[in-house]
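Open the model in your viewer and keep the sequence panel beside it. The stops below tell you what to select next and what is there.

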Amino acid sequence: KSILELGCAAGKMLQLVHKAYKQDKRLNKGVGPRSIVGVELVPGWVKFAQPFFLQTTENPTVQVFQGDITNFTMPSTNTPADLSAGPQTFDFVMLNDVAEHVQKDRYGCFFQTLKSLTHHGSIVYMHTPNPIAQLQDSGQYYENVLPHDFLLVGMAQLAGFELMQFEQDTESDCNRKQHRQDAVRIPKLAEGAGCQSKGLPRYYHSVFRRE
């Protein structure tokens with residue numbers, strides 16, 4: 001399997017994925033992923049992550065590149081293998097609290113980039129905030145509010161993805177007592193959510209499959 005994280009910051013999630021494959025035989029069945037790749041726009045985080053993974057992994061399985069996730073292609077070494085294989089695509093792509101930070105005029109490019117980095121059967125996972133929570137939250141900065149219908153339609157029409165799963169995130173814990181003590185009566189499906197805003201879970205999981 002090949003794994004890509006777009007907007008990987010300093011690489012914490014990449015580290016957790018690498019560790020999971022290393023320790024859990026149910027995941028790797030004796031064979032780890034072909035590659036784990038991260039892309040991050042902020043040069044400082046990339047500068048930290050690149051030497052970190054070189055020092056902490058047994059082989060160059062984890063790579064981090066600096067780039068814009070709305071216009072990114074895998075770097076080529078121009079070897080015969082690279083040239084014959086063509087553009088590299090990934091089996092699994094994840095975006096953790098990233099999609100809402102894309103500039104409004106770049107979403108078309110963003111969806112096209114996801115299409116170019118995947119193949120038939122590829123899975124894309126997104127963790128995104130509840131738009132209502134974005135509007136009400138004064139303690140967190142977002143570039144824009146991301147309506148769910150906009151995301152779902154864009155993934156379908158511009159990138160060729162089918163929505164496989166869309167559900168509330170009841171597992172993340174914001175460590176904010178006011179969310180757990182919210183006096184508003186919440187839907188039964190949202191009970192126990194560690195991150196709430198006005199009785200609704202603050203985040204959602206979305207899983208797409210490339211057709």
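Start with Trp45, which sits in helix 3 (residues 43-56). Helices (H or I, at least four residues) and strands (E, at least two) are DSSP runs, numbered from the N terminus. This is a predicted model: local features need pLDDT of at least 70, side-chain atom pairs count only at pLDDT 80 or more, and totals for chains, interfaces and linings use all residues. Residues are numbered from 1 along each chain as its sequence is written, and side-chain values use heavy atoms, with hydrogens and water left out.

**Stop 1: the surface patch.** Trp45 is partly exposed, at a relative accessible area of 41%. Buried means under 20% relative accessible area, exposed over 50%, and partly exposed in between (1.4 Å probe, protein chains only). With Trp45 they form a nonpolar surface patch of about 280 Å² accessible area together. Areas come from the Shrake-Rupley method with a 1.4 Å probe; for residues, only the protein chains shown count as cover. Like charges are joined within 9 Å, nonpolar side chains (Val, Leu, Ile, Met, Phe, Trp, Tyr) within 5 Å.

**Stop 2: strand 2.** Select residues 35-40. Six of the six residues in strand 2 are buried. Ser35, Val37 and Val39 point one way, and Ile36, Gly38 and Glu40 point the other way.

Now show its neighbors. Strand 2 pairs with strand 1 (residues 2-6) in the parallel sense, over five bridges. Two strands pair if DSSP finds at least two bridges between them. Ile3 has Ile36 as its bridge partner, and Glu5 has Gly38. Strand 3 (residues 62-66) also pairs with strand 2 in the parallel sense, over five bridges. There, Val62 stands opposite Ile36.

**Stop 3: strand 1.** Is strand 1 enclosed or open? Five of its five residues are buried, so strand 1 is largely enclosed by the rest of the structure. Ser2, Leu4 and Leu6 lie on one side, Ile3 and Glu5 on the other. Strand 1 also pairs with strand 4 (residues 90-96), in the parallel sense over three bridges. Look for Leu4 opposite Val93.

**Stop 4: helix 1.** Select residues 12-23. Its twelve residues should span 16 Å at 1.5 Å a residue, and the end C-alpha atoms are 17 Å apart, which agrees. The expected span is 1.5 Å times one less than the number of residues. Which residues of helix 1 are buried? They are Leu14, Val17, His18 and Tyr21. These cover an arc of only 95° around the axis, which puts them on the same side of helix 1. The arc is that of the directions from the helix axis to the C-beta atoms. Lys12 and Gln23 are exposed on the other side.

**Stop 5: two loop residues.** Most residues other than glycine have a negative phi. Ala9 has a positive phi, near 55°. Find it in the loop between strand 1 and helix 1. Asp97 also has a positive phi, of about 55°. Asp97 is in the loop between strand 4 and helix 5 (107-116). Ala9 is partly exposed at 25% relative accessibility, and Asp97 is partly exposed at 30%.

**Last stop: helix 6.** Leu135 is in helix 6 (residues 131-136). Leu135 is exposed, with a relative accessible area of 66%.

Key: Patches are made of residues with over 30% relative accessible area and no salt bridge: like charges are joined within 9 Å, nonpolar side chains (Val, Leu, Ile, Met, Phe, Trp, Tyr) within 5 Å. A salt bridge is a side-chain nitrogen of Lys or Arg within 4 Å of a carboxyl oxygen of Asp or Glu.
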